[in-house]
Amino acid sequence: MADVRANGIQIEYEIFGNKENPAIVLIAGNGAQLNFWEPDFCEMLAKESLQVIRFDNRDAGLSTKFDGAGIPDMERIYQAAQEGKPIDTAYTLEDMADDVAGLIDALEIKKAHICGASMGGTIAQVFAYRHPSRICSLISIMSSTGNPNNPQISPETLAIVTATPPTGRDAYIDYTLHMWKNIWSEGFPFEEERARRYCEESYDRSYYPQGAVRQNAALVANGDRRQHLSLLTIPTLVIHGTADTLFPVEAGKDTACTIPNAILLLIEGMGHDMPKGTWKSIVEAIASQVNDTQKID
């Protein structure tokens, strides 16, 4: 792995595949590190003649942390969002999209395919309308437009995914495994060994739950993106699971309806995660998107 200075921060990243191939940048979700995009998945994409770039968002992993900003009061932020009041955050989703632009600048890449999952999908969306000359295509996975009329996450599920995890390694791993079991894709068997390995690696690499709270604040403050997304003219692929309990499937359908000419791939039984049983379909859809885009270019 390596790091670069970009957009005023340090960004940790890793590249898979031939650097001469078209680039695809993978953006992780709230609190997740670059290891969310597992090496085997990245290698599958690399075999589709892609240069695959995974990285740590600000406030996660080994990229710059914003300790001095403190931990935001999410109850107050949610209330302000509901009332349409201004929300003051340590940084914005626009800043996080600009980090991606800074990263590809540092890597001397003129344009890239931008792919994000969950909050990473919202960052990818913001990148698309904020840096239209730098994007070949948009891939938005298990994300949303911020449309307040979409079905919302249940209070029970929200409590599970936003609770502060314990600090001890074993307790953290047990807690996180319990969380994953609660939100796992109902159409696929739970992969406990894989999930445990991911939890262990994430804890050992960078246990930093406060960063996830600041990222979540930036997400909530960003609000409804439909007006911007409706003006996009780039090829777009929207991937969503029919069993997603965090962003119900209606959010994926809304995203595809909002972005002109977007292609929607619904994966039966997939929740707010990416079981290995979904990888082949996801990689094939992304490869098709990239190939079609290259023909247009």
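**Helices, sheet and one asparagine**

Tutor: Happy to! Helix α1 (residues 39-46) lies across β2, β3 (23-27) and β4 (51-55), and runs at about 150° to β4. Keep in mind that this is a predicted model.

Student: At about what angle does helix α4 run to β5?

Tutor: Helix α4 covers residues 119-130 and lies across β3, β5 (112-117) and β6. Its angle to β5 is about 145°.

Student: Which strands are the edge strands of the sheet?

Tutor: The sheet is open, with eight strands in the order β1-β2-β4-β3-β5-β6-β7-β8 and mixed pairing. An edge strand here pairs on one side only, which is the case for β1 (2-6) and β8 (263-267).

Student: What is the bridge partner of Asp-3 in β2?

Tutor: Strands β1 and β2 (residues 9-16) run antiparallel and are joined by five bridges. In β2, Asp-3 has as its partner Glu-12.

Student: Is Asn-147 buried or exposed?

Tutor: Asn-147 sits in the loop between β6 (135-141) and α5 (155-162). Its relative accessible area is 8%, and the cut-off for buried is under 20%. Therefore Asn-147 counts as buried.

Student: Which side chain does a polar contact of 3.4 Å join to that of Asn-147?

Tutor: Beyond its neighbours within four places in sequence, Asn-147 is in contact with Gln-152, Asp-224, Arg-226 and Asp-254. The side chain joined to that of Asn-147 by the 3.4 Å polar contact belongs to Arg-226.

Methods
Residues numbered from 1 in each chain as written. Predicted model: local features only at pLDDT ≥ 70, side-chain atom pairs only at ≥ 80, totals over all residues. Heavy atoms only, no water. Helix = DSSP H or I, 4+ residues; strand = E, 2+ residues; numbered from the N terminus. Buried < 20%, exposed > 50% of the residue type's maximum accessible area, 1.4 Å probe, protein only. Polar contact = N/O pair within 3.5 Å; in protein donor to acceptor, adjacent residues only side chain to side chain. Contact = heavy atoms within 4.5 Å. Pairing = 2+ DSSP bridges. Axes fitted to C-alpha atoms, helices over the stretch in contact; angles between N-to-C directions.
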